[in-house]
Amino acid sequence: MLGGDVVAVWEVALSDGVYRIEFAHGTTTGKRVVYVNGKEVVRKDWMFKLVGKETFMVGGASTKATINIEAISGFAYEYSLEVGGKSLQKFIDNRAKTTKTWLLSVDGEDCRVVLEKDTMDVWCNGQKMETTGEFVDDGTETHFSLGEHDCCIKASSGGKKKKNGIEHHLLMDGQNVSPQ
């Protein structure tokens with residue numbers, strides 16, 4: 001499926017899943033190909049300019065991603081990925097602040113549950129979940145179901161230390177689930 005010209009591979013975690021981005025750069029043929037999860041999303045053949053950018057969309061929310069191609073010396077090239085207008089590292093750091101992820105097994109199936117803290121949207125294995133939110137004495141609870149299991153994400157103050165901020169805990173059938 002992928003040619004021998006793959007020069008860079010990145011993994012990008014979005015709310016609806018983890019995406020593998022591969023970039024093939026034929027420096028003798030001028031070819032540029034971008035694959036997302038093994039599917040070709042961009043192909044340009046016979047490009048005379050070997051440096052530049054390739055922009056494409058990733059994920060269900062069509063997040064903008066750009067691969068930057070820069071010459072570093074002679075015929076050596078450096079490849080970097082931007083996601084959502086940020087370098088991959090800044091994007092990852094920002095996602096760590098704005099989302100919380102849990103990996104768990106539900107009835108023998110691996111599940112990846114992601115909470116988007118700014119919207120309180122909940123995703124499971126790429127599907128946005130139907131949720132019901134409610135205010136409780138010590139914060140909020142966001143209820144949803146995974147199969148036959150009742151789930152709840154509890155958001156509460158981190159206690160007396162202000163730097164702790166809001167803590168989020170996933171409960172499935174009343175039992176705490178450890179985050180990723």
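**Strands, charges and domains**

Mentor: Take strand 11 (residues 121-124) and strand 12, which pair in the antiparallel sense over two bridges. A strand is a DSSP run of E, at least two residues, numbered from the N terminus. Two strands pair if DSSP finds at least two bridges between them. This is a predicted model: local features need pLDDT of at least 70, side-chain atom pairs count only at pLDDT 80 or more, and totals for chains, interfaces and linings use all residues. Residues are numbered from 1 along each chain as its sequence is written, and side-chain values use heavy atoms, with hydrogens and water left out.

Trainee: Which residue is the bridge partner of Trp123 in strand 12?

Mentor: Lys128 is the partner of Trp123. Now widen the view. Strands of a sheet pair through backbone hydrogen bonds, either parallel or antiparallel. Here, strands 9-10-11-12 make an open sheet of four strands in that order, with antiparallel pairing. At the edges lie strand 9 (99-106) and strand 12 (127-128), each pairing on one side only.

Trainee: How many bridges join strand 9 and strand 10?

Mentor: Eight bridges link strand 9 to strand 10 (residues 109-116), again antiparallel. Val106 has Glu109 of strand 10 as its bridge partner. The hairpin of these two strands has two residues between them, and Asp107 takes a positive phi near 50 degrees there.

Trainee: In which other hairpin does a residue take a positive phi?

Mentor: Look at strand 14 and strand 15: their hairpin has two residues between the strands, and Gly147 has a positive phi near 60 degrees. Strand 14 (residues 139-146) and strand 15 (residues 149-157) run antiparallel, joined by eight bridges. Leu146 stands opposite His149. Strand 15 is also joined to strand 16 (residues 166-172), antiparallel, by seven bridges. There, Ser157 has Ile166 as its bridge partner.

Trainee: Next, charges. Which side chain meets Glu54 in a salt bridge?

Mentor: Side chains of opposite charge can pair when their charged atoms come close. A salt bridge is a side-chain nitrogen of Lys or Arg within 4 Å of a carboxyl oxygen of Asp or Glu. Glu54 meets Arg32, at 2.8 Å from N to O. Glu54 lies in strand 5 and Arg32 in strand 3 (residues 31-36), so the pair ties together parts that are 22 residues apart in sequence. The whole structure has nine salt bridges.

Trainee: What area is buried between domain 1 and domain 2?

Mentor: About 430 Å², with 50% from carbon and sulfur atoms. Buried area is the accessible area (1.4 Å probe) that two parts lose on being put together, summed over both. In domain 1, Ser15, Asp16 and Val18 lose the most area to domain 2, together 84% of what that side buries.
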